[in-house]
Amino acid sequence: MERTPTGTPVGVDDPYDHAGRCDHLTSDGHCRLAREYADRDPAFARERAREDYDCVAAADGCAFRDCPHYAATTSGRECTRCGLEEVRMAHDSTARPLLEEHHLSYGTRDGTDPSHEITVALCRWCHTKVHKSFARIDDDAAPDPEAIAAREGRRTKEQAELGFRSARDRVDDT
C-alpha cells in the first residue's frame, strides 16, 4: 500500500486507479499550465506550444501519468469511501468541515520523478480510519453514525436559518 512521506498509509495500492481528470486540462483539450504558467517549466511549455498546447494525455497511447505536471485535486462534495455529503455552514466560520482533502500521492519534489498530486475527498471519520490502517479508500462502507449525526445537526441549523422571519412579518402577525 502507498504511504505518505511520514509513513502513514494512504488507503490504496495505486493512486492512479482513483485519479480523475487533470486540473490543468481545459474543456478544449489543452494544457492550462503550459499556456498560462509557462514560467513554472519553460521547456515543457515550449514543447506543448509546438503541439498547439494539446494535453500530453490526449495523445494516442498516453495516460495522465505520462504528463510530468499531472495533478488531480478534489472538489468533491461527498466522501469517496462512504458517500457522506458535505453540509457547510454559511454563517459559522469556526465549524470544522465534514470533508477533508486526502492525498493519495504527494509526488516527489526533488525533480527526479514527476510530482503528481492526487487527492480525494474523505469525511473526517473515514480519513482517520484510512490513516490508522483501519480502512481502505475502496472499501464498501456506510457513513459512521457520528458523521450522520454531525451532518443532520448542520441540516437542522440550515433549516432553522431558512425559517427566518423579518420584524415586519412578525408585527403583521399580532
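The face of helix α2 that is turned away from its buried side carries the exposed residues Arg 46 and Arg 50, where exposed means over 50% relative accessible area and buried under 20%, with a 1.4 Å probe and protein chains only. The model is predicted, so local features need pLDDT of at least 70 and side-chain atom pairs count only at pLDDT 80 or more, while totals for chains, interfaces and linings use all residues. Residues are numbered from 1 along each chain as its sequence is written, and side-chain values use heavy atoms, with hydrogens and water left out.

Helix α2 covers residues 42-50, and in this helix Phe 44, Ala 45 and Arg 48 are buried. Seen down the axis of α2, these buried residues fall within an arc of 100 degrees, so they line one face of the helix; the arc is that of the directions from the helix axis to the C-beta atoms. The buried residues of α2 pack against α1 (32-36), contact meaning heavy atoms within 4.5 Å. Just after α2, Asp 52 takes a positive phi of about 60 degrees.

Helix α4 shows a related arrangement in residues 145-162. Ala 147, Arg 151 and Arg 154 are buried in α4, and because these buried residues fall within an arc of 60 degrees when seen down the axis, they line one face of the helix. The buried residues of α4 pack against α3 (124-131), whereas the face turned away from the buried side carries the exposed residues Pro 145, Glu 146, Thr 156, Gln 159 and Ala 160.

Definitions and conventions. Helix = DSSP H or I, 4+ residues; strand = E, 2+ residues; numbered from the N terminus. Expected span 1.5 Å × (residues − 1).
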